[in-house]
Amino acid sequence: MTGAPLRVVHTSAFVDPANRRIEALLEAWPTLLDVATAAALPGIVEVTVVQAAAAAADFTTGGVRVVAVEARSAGRLRRRMGHWAAPLLPALEASVAALRADIVHVHSLSFPRQLARLADRLPDTPLLVQDHADRPAPPGLRGQQRRALARAAAIAFTAAEQAEPFRAAGVLADTPIVEIPESSSRFTPGDRTAARRTTGLYGEPCLLWLGHLDPNKDPLCVLQALRLAAAALPDAHLWMVWRHAPLLSAVRSAVDRDPVLRQRVHLLGGRPHADIEMLLRSADFLLQASHAEGSGYAVIEALACGVTPIVTAIPSFTKLTADGRCGGLSPVGDAGAMATSLVRWAAIEPGTRRDLATQHFEHALSFEAIGARLRHVYGRLAENVQPSRRAATAGGAS
């Protein structure tokens, strides 16, 4: 990319049901700013985040301009396709259009009406639409979603295979697919012994669960995998941290009635995110048995800390672990295969495992890597923009 910097706007139709100001939203939703900051590069790409919030604001932080559009609509919010949305956000669309960007990066596939309206206002601007654990629309809304996604210049998924349910539902046809993780982590590796002194975790190996205790995360599969692996790993201990726990009684029952698990499973409950880095530094492995994920923040954070994921072979986890080169993969619901994977990876020298994890993270999953990937995609999408239009955009943008 040469000449004037590429001007990119990040936006979404997400509306905060708590009706918070933008400063609070940036703290509660760190990815909103983190990814924009990663993509920005002085003289090459300028990024503006446009987001609905409780009050209007316009400021710059970390090299990224943030424009908050007042949307006092919490009382009118409704649940659509798994997300809170206002019926219309014309002020948000107008703010995006007024910036006259070269590329608009739209977060979520779950707001087809807003996406179509934005495409109508910006017919010559490429729209990159990014998946955030979205799903095909219900049957009555699939025509709307199909028409809206057809307006996108490209659609980003963590793994290209995640587009298949949308194709099967008939809402996605020939729009180009690009692979970009939703976000990254600023966690770093640390001294394991020192971390264990702080957290109190132990085990050889020390296993960590981070995630809801719900059917999708499938904690009962992980417990069964540990039970099957216990003969080969008699000193293994599993430490479980969660936020929401609809299966907590089932998990407790499974642990209490099994003497193998009773000696090895520790139910820690909720922990603030500020504690997660030290917990991961204490661990050898992260165990996850998810049936579906949009990305996998716990897996990304584990790799950032040099922890090996032992996870299910769903598309996002397969991509995040480099097709199993830096983590174990097993079929969904197959506790025996997960146990075998854990035992196999536990036999690998810890320093080797750690190096595989951290090197892959730096190369493919760090903010630097995601930012470079985004800039590459933006540049490719902008190749079809007429030079005269780009010059006019650079000279006349507000």
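What follows starts with the whole chain, then moves to one strand and its surroundings, and ends with a few local details.

First, some ground rules. This is a predicted model, where local features need pLDDT of at least 70 and side-chain atom pairs count only at pLDDT 80 or more, while totals for chains, interfaces and linings use all residues. Residues are numbered from 1 along each chain as its sequence is written, and side-chain values use heavy atoms, with hydrogens and water left out.

On confidence, pLDDT is the predictor's own confidence in each residue, on a scale from 0 to 100. The mean for this protein is 91, and 92% of the residues reach 70 or more. Residues 81-86 sit below 50, and that stretch has 32 contacts in the model beyond near neighbours in sequence (a contact means heavy atoms within 4.5 Å). Residues 387-398 are also below 50, with 24 such contacts.

Now zoom out. The protein has 17 helices and 16 strands; these are DSSP runs, numbered from the N terminus, with helices being H or I over at least four residues and strands being E over at least two. The radius of gyration is 22 Å, close to the 21 Å that the globule rule gives for 398 residues, so the protein is as compact as a globular protein of that length. That radius is taken over C-alpha atoms, and the rule is 2.2 Å times the number of residues to the power 0.38. Along its principal axes, the C-alpha trace spans about 70 × 45 × 40 Å. Of the 398 residues, 55% count as buried, where buried means under 20% relative accessible area, exposed means over 50%, and partly exposed is in between (1.4 Å probe, protein chains only). Among contacts with a separation of 6 or more, 71% come from residues 24 or more positions apart. The protein exposes about 16,600 Å², and carbon and sulfur atoms supply 52% of that; the areas come from the Shrake-Rupley method with a 1.4 Å probe, and for residues only the protein chains shown count as cover.

Next, find strand β11, residues 206-210. Why is it described as largely enclosed by the rest of the structure? Five of its five residues are buried, so the rest of the structure largely encloses it. Both faces are covered: Cys206, Leu208 and Leu210 are buried on one side, and Leu207 and Trp209 on the other.

Which strands does β11 pair with? Counting strands as paired if DSSP finds at least two bridges between them, β11 runs parallel to β12 (residues 237-241) over five bridges. The chain gets from β11 to β12 through helix α8 (residues 219-229), in a right-handed β-α-β crossover. Right-handed here means that, with the strands pointing away from you, the path from the first strand over the helix to the second runs clockwise. β11 also pairs in the parallel sense with β14 (residues 285-287), over two bridges. Look at Leu207 to see both pairings: its bridge partner in β12 is Leu238, and its partner in β14 is Phe285.

Helix α11 (residues 273-282) belongs in this picture too. Its buried residues are Ile276, Leu279, Leu280, Arg281 and Ser282, and they pack against α7, β11, β12 and α12.

Now for some backbone details. Most residues other than glycine have a negative phi, and most peptide bonds are trans. In the loop between α7 and β11 you'll find Pro205, joined to Glu204 by a cis peptide bond with omega about 5°. Asn19, in the loop between β1 and α1, has a positive phi near 55° and is partly exposed at 26% relative accessible area. Asp323 lies in the loop between α13 and β16; its phi is also positive, about 60°, and Asp323 is exposed at 54%.

Back in the loop between β1 and α1, check Val15. Is Val15 buried or exposed? Val15 is buried, with a relative accessible area of 5%.

One last stop is the hairpin of β3 and β4. These strands run antiparallel, joined by five bridges, and Thr60 has Arg65 as its bridge partner in β4. Two residues lie between the strands, and Gly62 takes a positive phi near 60° in this hairpin.
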